[in-house]
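Take the model below and walk through it one piece at a time.

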Amino acid sequence: MSIVLGGCNGSSRATISTNPEGRRTSFQLGGYGAEGNADEFITSAGFVPWLSFYEENLACLAATFAGNVMVHSPESTRYSVVIDVPWRAYWLYMLSAVQRGQTSARAYKRWREEVTRRSRLGSDRTVDILREVLGDRFDRTEIIDQDELAPLGEILEDMEPGRAPDVQALVDAMRNAGDELWNLLLDPELRSQVKVKGRFLDPEIRTVQELCGTSYVVAVLRRMLAGAVMSVNDYVETTIEQYVQAWTDVLVQHGRLAFRGTSFAVYPFSHFVPLEEGGVMYRRDPGRVVTVNDRDGISGFDHGWWLDPVELLPGSYLR
């Protein structure tokens, strides 16, 4: 059985882009996925050095849940764990700015380096927590760290203002990579038969957001070729599993692939949620320093005390 652990890089607070005046821009890369365009020049883009509370919380929640599932399974059950923290998908978040000349080659290069480091940092953190939960059983677990957009690596590394591909060129590159699964999900005829949320897909992928989203779906479908798959992710990512189920129905109906297992997704309840109803933690990340009120004077401070909320995570999720 496979377990796919999803995640994101940074947060709206931890992902920072600046303009020529050194001020933070209104365009926060990743805050709304691959949507939106920069309305001012981006001179620098990156992350704060440490993982955001959002990243730490999701890594702890997902890895702890998955680890407990594995620990309470029969010893004979073998698991493969896919760490699906985006890498080149986040490189693409600057595509629009590069195409429109709203950033420099230097800033884009730094963004790629920052994303690569961040993706590794998030993946390593998830694996470390999984190791703690599994104990001796960790050594019998296969850890898979795969980027479904790897075929775009060279194209994206060579990209710069004045020499940026459009989305169709990226789709063509994925088609030419020779991956059967990708070619099926890019097939216009098949896409026209996939219905999600009451709408059929467009025959062609036309946006970066669609391309990135497809990569997350492919990651799950690929594991289904080997057996059953359980995805563990943030509840705001429910759309991924909806696409997985829709694609599974079409591919099975047409006999194009022989899946050896089904897929289902789990969205463990986080003990930490934004105060406002419907708030998304990625966009409402409180940061790594918060003030805890102390109206009853338990701590001896009249105005509360400072706390890194990450310190609360180990005792918040049962291991």
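Val194 is buried, with a relative accessible area of 0%. In this predicted model, Val194 sits in the loop between helix H8 (188–191) and strand E7 (195–196). What does Val194 contact, once neighbours within four places in sequence are left aside? The partners are Arg199, Phe200, Leu201, Ala246, Trp247 and Val250. For a sense of distance, take Met94. Val194 and Met94 are 100 residues apart along the chain, and their C-alpha atoms are separated by 29 Å.

Now move to helix H10, which covers residues 238–253. Its end C-alpha atoms are 23 Å apart. That agrees with the 22 Å that its 16 residues should span at 1.5 Å a residue. The buried residues of H10 are Ile240, Glu241, Val244, Ala246, Trp247, Thr248, Val250 and Leu251. What do they pack against? The list is helix H7 (180–185), H8, E7, helix H9 (208–224), E9 and E10. After the helix comes Gly255, with a positive phi near 60°.

Tyr243 also belongs to H10. Is Tyr243 buried, partly exposed or exposed? Its relative accessible area is 27%, so Tyr243 counts as partly exposed, since buried means under 20% and exposed means over 50%. With neighbours within four places in sequence set aside, Tyr243 touches Val196, Leu201 and Val217.

Beyond residues up to four places away in sequence, Leu251 touches Leu184, Leu185, Leu190, Leu221, Arg256, Leu257 and Phe259. The largest nonpolar core holds 87 residues. Which of them touch the most other members? They are Leu92, Leu152, Leu185, Leu221, Trp247 and Leu251. Helix H1 (residues 53–71) supplies the largest share of this core, ten residues.

Next, the sheet. Five strands form an open sheet in the order E6-E5-E1-E9-E10, with parallel pairing. Strand E6 (142–144) and strand E10 (263–266) stand at the edges. Each has a single partner strand, so one side of each is left without a neighbour in the sheet. From one strand to the next, the twist averages 20°.

Follow the pairing across. Strand E1 (residues 2–6) pairs with strand E5 (residues 80–84) in the parallel sense, over five bridges. Within that pair, Leu5 stands opposite Ile83 in E5. E1 is also joined to E9 by four bridges, and these two run parallel. Here the bridge partner of Leu5 is Val232 in E9. E9 in turn runs parallel to E10, again with four bridges. Val232 has Val266 in E10 as its bridge partner.

Strand E9 (residues 229–232) shows which way its side chains go. Val229 and Ser231 point one way, Met230 and Val232 point the other way, and all are buried. In a regular strand the side chains alternate between the two faces of the sheet. H10 comes back into the picture at this point. E9, H10 and E10 make a right-handed β-α-β unit.

Another helix lies across the sheet strands E1, E5 and E6. This is helix H4 (residues 105–134), and it runs at about 150° to E5. H4 has 30 residues and reaches 43 Å from its first C-alpha to its last. That is close to the 44 Å expected at 1.5 Å a residue.

One more strand pair remains. Strand E2 (residues 15–18) and E4 pair in the antiparallel sense, over four bridges. Which residue of E4 is the bridge partner of Thr18? It is Ser44. In strand E4 (residues 44–47), Ser44 and Gly46 point one way and Ala45 and Phe47 the other way. All four residues of this strand are buried.

Technical notes
Residues are numbered from 1 along each chain as its sequence is written. This is a predicted model: local features need pLDDT of at least 70, side-chain atom pairs count only at pLDDT 80 or more; totals for chains, interfaces and linings use all residues. Side-chain values use heavy atoms; hydrogens and water are left out. A nonpolar core is a set of buried Ala, Val, Leu, Ile, Met, Phe, Trp, Tyr and Cys residues joined through side-chain atoms within 4.5 Å. Buried means under 20% relative accessible area, exposed over 50%, partly exposed in between (1.4 Å probe, protein chains only). Contact means heavy atoms within 4.5 Å. Two strands pair if DSSP finds at least two bridges between them. Axes are lines fitted to C-alpha atoms, for helices over the stretch in contact, and angles run from 0 to 180 degrees between N-to-C directions. The expected span of a helix is 1.5 Å times one less than its number of residues. A crossover is right-handed if, with the strands pointing away from the viewer, the path from the first strand over the helix to the second runs clockwise.
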